[in-house]
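Work through the exercises below with the structure in view. Each task is followed by a solution in steps.

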Amino acid sequence: MSTKERYNRRLAKLRNERETWVTHWKDINEYVVPRRGRFLVSDRNKGDKRNDKIIDSEATQAVNILVSGLMSGVTSPARKWFRLVTPDPDMREFGPVKEWLHLVEKVMYDVFTASNLYKVLPYIYEEMALYGTAAMIHLDDFEDVSKFRVFTTGEYMIAQNHKYQADTIYRELEQTVEQLVGSYGYDRCSGFVQRAYDKGDLDLWIETVHLIEPNPDADPDSPFNTDMAYRTVCYEKASDGPDEYLDKSGFPHFPVYVPRWHLMPPDVYGRSPGMD
């Protein structure tokens with residue numbers, strides 16, 4: 001079995017594991033927030049009217065109030081909402097340490113303000129309140145230092161470790177030929193994508209798989225990012241070669257935040273007020 005076959009096999013298992021939740025999530029969509037969630041890979045650019053089943057908008061309004069309350073009460077961009085300290089109470093009172101913590105704290109606030117964090121956090125709170133589970137990836141950015149992106153319910157599958165902490169995410173998504181060539185380079189794309197690009201079929205949609213999971217072959221002494229604690233892989237689902245990849249890289253830590261509103265182990269996905 002090739003490495004890609006193993007990825008596809010785990011993808012299928014994680015999709016199976018998630019299946020019992022999807023029906024409930026779809027109900028929440030239809031009756032509360034028809035524009036959230038993405039349950040089909042091809043579910044994109046659909047501007048049709050979707051709120052026909054909402055007779056009473058009280059639940060939708062309640063979610064909006066909850067999200068606003070969490071945003072202003074927990075992570076308000078207008079005030080300080082976290083403080084850095086040391087585990088050792090004596091050390092945190094030491095002058096140079098206090099000065100260093102204050103400086104790092106200020107840099108973090110500046111980075112968060114310059115990034116898109118405060119724009120995406122409301123979506124995290126909304127997904128948690130509705131579906132019980134949310135997912136946001138934190139990536140380095142050459143212009144703004146940090147960049148955040150929210151994955152909506154239905155477009156990803158997760159797994160967790162023995163501590164019930166999410167440490168794996170698999171995503172199925174479609175990207176255009178132009179996006180693939182622009183993101184990964186012409187040479188890394190399959191022959192099919194290259195031919196489509198040469199013909200000018202830039203808006204042709206290609207199904208891809210993106211995953212981040214613990215790397216069993218991690219080597220902390222290696223200088224290569226493919227040997228980091230977590231591996232990230234992206235490939236075309238229908239690519240010809242068994243080991244053709246758009247991207248293979250790594251992270252020193254799991255870059256995806258997966259908060260669950262209420263987790264009842266050994267469940268992987270959380271429960272929520274939206275379900276109630």
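On a 1 Å grid over the protein atoms alone, a pocket is an open set of points where a 1.4 Å probe fits, with protein on both sides within 12 Å along at least five of seven lines; its lining residues have an atom within 4 Å of a point. The model is predicted: local features need pLDDT of at least 70, side-chain atom pairs count only at pLDDT 80 or more, and totals for chains, interfaces and linings use all residues. Residues are numbered from 1 along each chain as its sequence is written, and side-chain values use heavy atoms, with hydrogens and water left out.

**Exercise 1.** Find residues that line the second largest pocket.

Solution. Among them are Lys26, Glu30, Arg36, Gly37 and Arg50. By class, the lining has three nonpolar, two polar and six charged residues; Asp, Glu, Lys and Arg count as charged, Ala, Val, Leu, Ile, Met, Phe, Trp, Tyr, Cys and Pro as nonpolar, and the others, Gly among them, as polar.

**Exercise 2.** Is threonine 152 buried or exposed?

Solution. First locate threonine 152: the loop between strand S2 (145-151) and S3 holds it. Strands are DSSP runs (E, at least two residues), numbered from the N terminus. Threonine 152 counts as buried because its relative accessibility is 8%, where buried means under 20% relative accessible area (1.4 Å probe, protein chains only). Leaving aside neighbours within four places in sequence, its contacts (heavy atoms within 4.5 Å) are Arg36, Gly37, Arg38 and Glu127.

**Exercise 3.** Which residue in S4 is the bridge partner of alanine 159?

Solution. Strands S3 (residues 156-160) and S4 pair in the antiparallel sense over five bridges; pairing needs at least two DSSP bridges. The partner of alanine 159 is threonine 168.

Note on methods: Helix = DSSP H or I, 4+ residues; strand = E, 2+ residues; numbered from the N terminus. Buried < 20%, exposed > 50% of the residue type's maximum accessible area, 1.4 Å probe, protein only.
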